[in-house]
Amino acid sequence: MAAVAGIYRRLLPSPPAIEFSSPHGKLLFKEALEKGHMDGFFKLVSYYQTQSEPAYCGLASLSVVLNALAIDPGRKWKGPWRWFDDSMLDCCEPIEKIKVNGISFNKLVCLAHCNGAQVEAFHANESTIDNFRDSVVSCATSEDHHLIVSYHRAHLKQTGSGHFSPVGGYHAGQDLVLIMDVARFKYPPHWVPLNVLWEAMNTIDESTGYHRGFMIISKQVSSPSLLYTVSCHHASWKAAVLYLTQDVPHLFSMTEIKDLHELIAMIFTSAPTDLRDFVTWIVEVRRQEDNRTVSEEERARLALKEKLLKQVQETELYKHVTKWLAADPSCAPLAQKDTLTEMGSNICCQAAQLLSGSIGSSELTCCQTSNVMVLKENGNKHITMISGKVTTQSVKQGVDVLVPCQVKLNASCGCGSSSLDVGHPSTADVLTVLLLALPSGTWSTIQHEELRKAIQGLSSTDSLPPLLQDEVIHLRQQLTCLSTDLRASPS
């Protein structure tokens, strides 16, 4: 069989572009540096990478920026190292789908939120070229926030269509922007006139019906997604988003509800299948090691998760949710497999997929064994660990998952065993944070005034502790991003 030669790079169309490494490009860099408009460049170039798949331009751009901002992913990449790679960014869209279709502007915003970033996003039709220029200058003169642009290549006389890349600098004298193209197999970094780039951004993405644009990304003061995040790995996520943002307020307007028990029941018993899986909890995942010691860093992150879990379980809304779960037989399917022992197999399979870079893949993952154990070292508090042996893509591996859990030792049995299903993340707290994360206007259509005021009070973020408040607001932003993107997507 003859080898296919393929394509080796493309000739960069000039004008309008000026290759960064050309004599002219170097001169522009020198002049921009002297004017102080290349401060953001050095952080970006230190973590500059080539997208690993032809459709991963958005993921690669975001990986570069997240690493440049020194945001900790909170999960391992390879070996012992925590690092952002484009293959890890999948919380708002299945990675297999992105590999085929790429990612939309709003979904990339959602991904940035998911992974600990603060994002200001602007569609071109909602901004102006002057505002864009101000944002470029602001990012070019700073190391703590960076800019990603979404544009159509045709306006730069380049082959292809929609594309994402970070902006690395600005030349004020000639009004030029440095595009750090992550498709380095195709085009090198290059300077382009800002007005031409603006025209390329001021185009409509046919897959969503929305204009392209730009986003400014910075580091959160405190990292969100400590314990909860939305998941698009299940086929029913679209139905869940539409139900929560559109159907629930409509149900309230059409039905007279008189108490909180009836309200909670209506929301969750009328919901699509697998709504419980739309919000998932985040755990520490690592490859199995002979020495199962837990580092101080891992302990600190675990303690923060446990603090957040405790805050959820101390809310009044949580008490109403647990009361409903205990009293209403119709909600039994929601609480199935809610003990750590029963959840162990599924957790270990997902952990193995994450470590192998195949999360969301159709490749078969089989968990052969899993068990729950309690670790205690040098007088430290107990730590709950789920351990499993998993086969993914014909490769066997052991995985350990550290679970935030309030462990109580059971001394009465005389066998040294522990009660392992006390205080770990479960259906009740996931449903509680889901209710808290619903848009504030959700409850406005409730007809009964006293009930409306009661649920508005219970779900208000103003009364939540700061840690939980940040987590809820973050989830609400994710839900809003997905809803906006979904409404614009073709059916």
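Q: Is Leu-33 buried, partly exposed or exposed?
A: Leu-33 is partly exposed, because its relative accessible area is 36% (buried is under 20%, exposed over 50%, partly exposed in between, with a 1.4 Å probe and protein chains only).

Q: And what are we looking at here, numbering and all?
A: This is a predicted model, where local features need pLDDT of at least 70 and side-chain atom pairs count only at pLDDT 80 or more, while totals for chains, interfaces and linings use all residues. Residues are numbered from 1 along each chain as its sequence is written, and side-chain values use heavy atoms, leaving out hydrogens and water.

Q: OK, new spot: where does Gln-158 sit?
A: Gln-158 is in the loop between β3 (145-152) and β4 (162-171) (strands are DSSP E runs of at least two residues, numbered from the N terminus).

Q: Buried or exposed?
A: Gln-158 has a relative accessible area of 5%, so it counts as buried.

Q: Which side chain does Gln-158 have a polar contact with?
A: That of His-190, at 3.2 Å (a polar contact is a pair of N or O atoms within 3.5 Å; within protein, one must be able to donate a hydrogen and the other to accept it, and residues adjacent in sequence count only if both atoms are side-chain atoms).

Q: What about His-152, which strand is that in?
A: His-152 lies in β3. Its side chain reaches the backbone nitrogen of Ala-154 at 3.1 Å.

Q: How far is the C-alpha of His-152 from that of Asn-202?
A: 8.6 Å, with the two residues 50 apart along the chain.

Key. Helix = DSSP H or I, 4+ residues; strand = E, 2+ residues; numbered from the N terminus.
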